[in-house]
Amino acid sequence: MIEHFHRPVTVRAALGLKRRFTTRAVFLAGGTFVNSNAFPLAPEHCISLAGLKLDRISRSRGGVAIGALCTLQQLIDDRKVPAPLRVAALQVVSRNVRNMATLGGHVASRLPNSDLVPTLVALGAKLALAGSARKVPVLDYVANARAGLITRILVPASGPGRVTACAHHRASANARSLVSAAVSLNPDRGRVRRPVIALGGVGGHVVRLTAVEKRLDGKPLPATDELQALVSRAVRPASDHVASAAFRRHQAGVVVARAFDAARGRKAGPS
Amino acid sequence: MRIPVTINGTARQLEAAPGERVRDVLRREHILSVRNGCDGQGSCGACTILLDGRTVNSCLLVAAQIAGRTIHTVEHMAKNRELSAIQTAFIDSGVVQCGYCTPAMLLATEALLARHEHPSRAQVQDAFSGILCRCTGYEQMFAAVELAARRLKDPGQAAVKGQEFRDDLRIVGKPGRKVDGARLVQGEKSYVEDMAAEDACHLKLLGSPHAHAYIKRIDTRRAAAMPGVVLVLTHENCPDVWYNQAGQGFPEPSPYDRRMFGRKLLHVGDRVAAVVAESAEIARAALAKIQVEYEVLEPVLSVDAAAAPGAPVLHDSVVEYVTGAPPDLAERNRGADPRDGRVLYQFPIHGDPRRNLAASVSGGIGDVARGLAEAEVVIEREYETSQVQSTPVEPHVVYTRIEGERLIIHAATQVPWHVRRIVSRILGISENRVRVIKERVGGGFGAKQDVVLEEVAAWATWVTGRPVLYRFTREEEFVASRTRHPMKIKVTLGAKRDGALTAMKMEVRANTGPYGAHCLTVPMNSCSKSLPLLLCENVHFDVRTYYTNIPPAGAYQGYGAPQGSYAVQLACAEMADALGMDLLAFLEKNRVREGLVLEILRCLGEGRDSTPQAVSSCGLGPALEQGRALIEWGAAVASDDPDVRVGKGVAIIQQGSGLPGIDSANASVALLGDGTFMLLSGGTDMGTGLDTLVVKLVAECLCTGLGDVSLIVADTDVTPYDDGAYASSGTYFSGNAALNAAREMRRKLLEVAAEILGEPVAGLELAHPSVVRGGSRPVTYAEISRYTVSGTGSGQLVSAASFTTDKAAFPYGAHFCQVAVNTRTGGVKVQKYFALQDCGTPINPELALGQMYGGVLKTIGHSLFEEMVLDERGRCRNANLLDYQVPMIHDLPDEFRAVLVETTDPFGPYGGKSVSEIACNGAAPAIAAAIHDATGVWMRSWPFSPEKILRELGRIGGADGR
């Protein structure tokens with residue numbers, strides 16, 4: 001049970017509190033994870049990020065900077081946010097949750113089947129961490145369990161012709177995604193240039209399928225069955241109580257293929 | 001800490017711990033409309049509030065987060081007692097059923113209409129996307145929002161006129177505001193949890209971590225010694241009484257096979273110990289101090305494992321019978337393990353617990369062997385259904401207290417009188433010492449037909465004298481309340497080439513889990529609500545129900561019929577396919593018709609002899625005709641996606657209306673001073689609209705206004721006996737009892753009017769509004785009342801009546817659907833669903849439609865994705881709403897329509913029959929038939945998950961472990 005609630009108004013103060021209380025303290029953004037019954041820790045100290053003024057979205061020539069405390073609904077409602085990320089945010093189906101959950105909190109939760117992280121990876125997003133000038137790629141953060149308080153998510157402007165899209169598989173409307181994918185590419189007269197494929201739900205964290213990306217780069221996109229098989233062979237999910245490994249492998253291929261379809265503007269039928 | 005916050009327009013300073021959930025803080029501040037359905041997962045939305053104008057889950061907020069913020073709850077909506085436009089729109093659109101999620105929906109609507117003056121369907125779905133409603137099936141929400149939008153501009157706007165029935169009646173068959181609607185849309189104190197005193201103790205349960213084990217040793221001393229702990233209960237200090245928790249009429253066809261706490265534990269979550277303490281936190285802390293040593297046994301998790309030779313025996317018990325003991329009982333009981341206790345059967349239901357057999361029965365008509373020999377085509381198929389849970393948003397909850405020498409039980413139950421009987425027997429006290437008050441029920445769906453926690457709280461209160469609140473967690477609701485029996489059903493059909501059925505055989509193997517609540521009657525209902533739909537002279541059924549170590553099974557809306565209907569109707573589809581015959585033509589050829597006598601029912605009683613029943617009314621013909629047109633049966637639908645195939649399916653369905661010869665209901669009507677009436681009904685409304693129904697029947701009969709009949713219901717001290725709300729009995733039994741009481745009141749009114757006038761009764765009649773006409777002058781009910789209660793009068797007019805019958809009133813229906821199957825993903829999208837049902841005269845049309853939508857969506861859920869997943873040790877791996885997957889508003893079919901097909905039943909009140917449970921019987925077979933139509937694969941195991949569909953399609957390999 002939280003006994004002490006801290007309301008720092010500067011990032012520096014927030015970091016100071018975390019240094020002081022270390023593992024007894026937790027940062028609180030929207031609260032949809034930290035305050036839920038699924039949160040595994042029982043911190044004494046809660047460091048609220050609400051006073052840090054990290055809820056703004058700004059556009060520059062280099063891209064869009066999204067404050068870590070922006071809610072998912074805020075992303076959807078703000079046209080400065082790149083369309084693929086707004087679409088991905090809608091995959092968190094509950095509006096109630098979207099009104100609370102923040103983008104920074106979502107990334108920091110490192111969900112293996114995150115609905116948004118694959119899109120952030122595909123968009124080449126980086127994280128600004130408090131107290132560090134270096135910008136950390138989102139994948140580096142989630143895959144390598146990087147420490148650090150996320151202050152902003154920096155989504156670079158897509159280059160000319162660059163397209164990005166996501167696809168997900170879930171068994172019912174509000175279920176967690178079984179697998180989630182996002183791809184980014186430059187279509188070039190029937191060929192795929194510089195593809196990025198990010199995939200969630202096939203391991204402990206979102207991954208990038210770099211080997212598949214290399215196979216595809218510069219070539220015509222293979223037929224759906226071939227692309228799907230290529231992806232399925234590239235992943236090694238485990239069986240669990242939700243799905244067999246075979247099914248996850250299959251759906252991994254399917255969602256990547258569907259994401260490619262969506263990116264290239266091809267309509268996909270009911271999932 | 002002190003927290004400044006503005007709540008419903010008033011600046012407040014709340015005292016709260018910083019980490020306290022806002023939901024709990026608000027409830028402590030007497031804002032009762034914020035509910036709890038998911039224990040802080042954020043998956044049900046019942047705790048929705050508006051925080052600075054946006055809908056959020058207050059269970060995911062801690063108190064410190066709301067400092068300086070603005071909160072609105074539903075309590076702000078009505079001005080004084082005048083309901084807001086949104087609230088009236090909800091009531092008038094029939095979307096208020098149990099009411100537990102209604103405040104959340106109202107707030108979501110308020111926020112939505114602030115964003116969009118006239119929202120689209122997609123925007124409505126998005127607004128409600130985080131709020132679970134298990135009752136309504138969401139479909140009528142769209143009309144409610146549309147009406148609310150219009151009323152915000154013009155409060156005088158009328159609801160869109162829906163179907164109306166019976167031009168000869170004023171009230172029955174017409175829309176009418178739900179009598180508890182105003183209470184529920186305002187978030188008034190209504191549910192059990194609202195009744196608990198602030199000093200109530202909390203009861204928490206230590207559940208077994210093992211599916212099958214003995215308690216070798218249990219030490220509760222450290223727990224009992226904790227300050228604030230009032231009582232610790234275990235098998236060592238609970239009543240030594242064996243009983244069954246099934247809320248069925250006595251003597252029950254369910255074995256008395258459990259104690260309050262057993263030494264043997266039979267499922268994960270089974271009762272090990274309970275702590276009653278002065279706070280929930282203390283109770284939880286004390287549970288952690290209880291030390292238990294277990295002897296872990298091998299779990300039995302399936303009917304195949306239970307029936308296997310040498311299988312571990314769950315009830316290695318001494319078996320006893322009240323009547324009808326087999327002659328070799330002593331021999332059978334030899335070697336029983338004393339730790340396993342007893343199993344008492346009230347009468348034989350052909351169980352053999354030492355072989356894990358809880359019950360069995362077989363029977364039939366004609367000669368199936370001959371029928372199969374005569375057949376030109378024979379198919380034999382086996383179907384399997386998984387374990388599903390009804391997930392009422394309000395979990396099981398009870399509040400018990402002492403008043404003088406008596407025990408008062410505030411219950412969220414479907415069966416107040418069964419609760420009283422069962423609890424008083426366990427406590428060893430007479431029934432007059434126990435009062436059960438049925439509060440508003442936040443969804444029952446059958447799970448609240450059983451006494452699954454009431455007796456523990458009752459005992460704790462009886463022993464200690466302390467008030468006790470006991471509420472299941474969501475996880476306990478999954479693993480320790482009631483679920484739909486998993487079944488394996490083998491169906492053998494024989495038919496002539498022209499489609500005429502010559503033989504039907506149904507072999508049901510049901511899994512009751514650890515205890516035998518409803519172990520005979522649920523699987524029998526699988527047969528009795530599916531076989532009589534089809535005309536066949538040679539029919540045989542065989543039912544065997546096994547004990548296993550899965551979470552307990554029991555009653556769930558449909559009561560075995562969804563499983564049986566799935567098997568028999570899909571077998572019909574397979575037979576039609578084998579014959580090369582159109583499925584609709586096959587069903588039309590073989591279906592039941594009005595006036596026929598159903599001989600098969602002779603052997604399908606509830607463990608007792610029964611009688612054949614005539615089909616007194618049947619709307620199947622028009623239902624099939626209308627459905628055929630709606631779905632455009634036979635017209636192929638092309639897909640523009642090469643991966644997607646579209647198909648259509650149909651199933652015919654039936655249910656009963658209570659249990660003739662077993663059920664009974666009572667009601668009374670009293671005339672008040674001004675000519676209005678007080679109706680006392682034993683009927684138990686769990687959100688279905690039964691209260692409104694009985695008021696409408698009485699108002700119709702007595703030629704008075706709906707507002708002139710007030711109602712008290714389901715209080716064992718105040719209202720007369722009623723078996724309870726189960727077996728689709730409400731309309732037929734409780735409704736007919738109320739109507740009989742009104743008829744008796746009518747007789748009395750006419751007699752007294754005649755006396756006042758000094759004229760004969762003949763020629764007098766009741767007339768609207770509240771007057772007796774036909775004499776020399778009109779006599780108002782008010783005048784009659786004054787006359788009877790005066791010092792020279794005959795006394796207040798009170799009429800009491802009961803309803804029992806040996807006549808059945810079967811509702812019928814046909815469900816049609818169109819699905820799109822993505823052969824690459826395995827996903828199934830229900831594009832169209834048309835539910836056409838004959839419930840006789842629909843007494844409350846808009847509420848009847850709501851029952852249908854709700855029943856259909858629940859069963860679309862279990863057809864496509866709902867499933868309790870157990871691991872090899874019997875632990876439920878998805879005992880929460882998010883991972884279990886309950887249908888939400890985005891799961892709706894694209895086009896979803898419930899249609900009432902009118903018939904008039906000669907025995908139902910004003911021709912009415914049941915409407916709710918039957919709605920659960922069509923989805924699985926209709927969707928499975930449609931999947932076959934689309935893809936050519938037969939889905940013989942529900943849910944039809946994408947993984948299973950891909951396996952059937954050969955798109956992925958064999959199962960490689962889960």
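Analyst: What follows sets computed values against their cut-offs. The model is predicted.

User: Why is Asn96(A) called buried?

Analyst: Its relative accessible area is 0%. Buried means under 20%, so Asn96(A) is buried.

User: Where in chain A is Asn96(A) found?

Analyst: Asn96(A) is found in helix H4, residues 95-98 of chain A. A helix needs at least four residues.

User: What makes the pair Asn96(A) and Thr55(B) a polar contact?

Analyst: Their side chains are joined at 2.9 Å. The cut-off is N or O atoms within 3.5 Å, with one able to donate a hydrogen and the other to accept it. The pair therefore counts as a polar contact.

User: Which residues of chain B does Asn96(A) touch?

Analyst: Asn96(A) touches Gly45(B), Thr48(B), Thr55(B), Val56(B), Asn57(B) and Ile131(B). Touching here means heavy atoms within 4.5 Å.

User: How do you know that chain A agrees with a compact globule?

Analyst: Chain A has 271 residues, and a compact globule of that length would have a radius of gyration near 18 Å. Chain A has 19 Å, so the two agree. Its C-alpha trace spans about 55 × 45 × 30 Å along the principal axes.

User: How many residues of chain A count as buried, as a percentage?

Analyst: Of its 271 residues, 57% count as buried. The accessible surface of chain A is about 11400 Å², and carbon and sulfur atoms hold 52% of that surface.

User: What is the charge count in chain A?

Analyst: Chain A has 40 positive and 14 negative side chains. The centres of the two sets lie 5 Å apart.

Methods:
Residues numbered from 1 in each chain as written. Chains lettered and ligands numbered in written order. Predicted model: local features only at pLDDT ≥ 70, side-chain atom pairs only at ≥ 80, totals over all residues. Heavy atoms only, no water. Helix = DSSP H or I, 4+ residues; strand = E, 2+ residues; numbered from the N terminus. Buried < 20%, exposed > 50% of the residue type's maximum accessible area, 1.4 Å probe, protein only. Rg over C-alpha atoms; globule rule 2.2 N^0.38 Å. Areas by Shrake-Rupley, 256 points an atom, 1.4 Å probe, with all protein chains shown as cover. Lys, Arg positive; Asp, Glu negative; His and termini not counted. Charge placed at Lys NZ, Arg CZ, Asp CG, Glu CD. Lists of a residue's contacts leave out its neighbours within four places in sequence.
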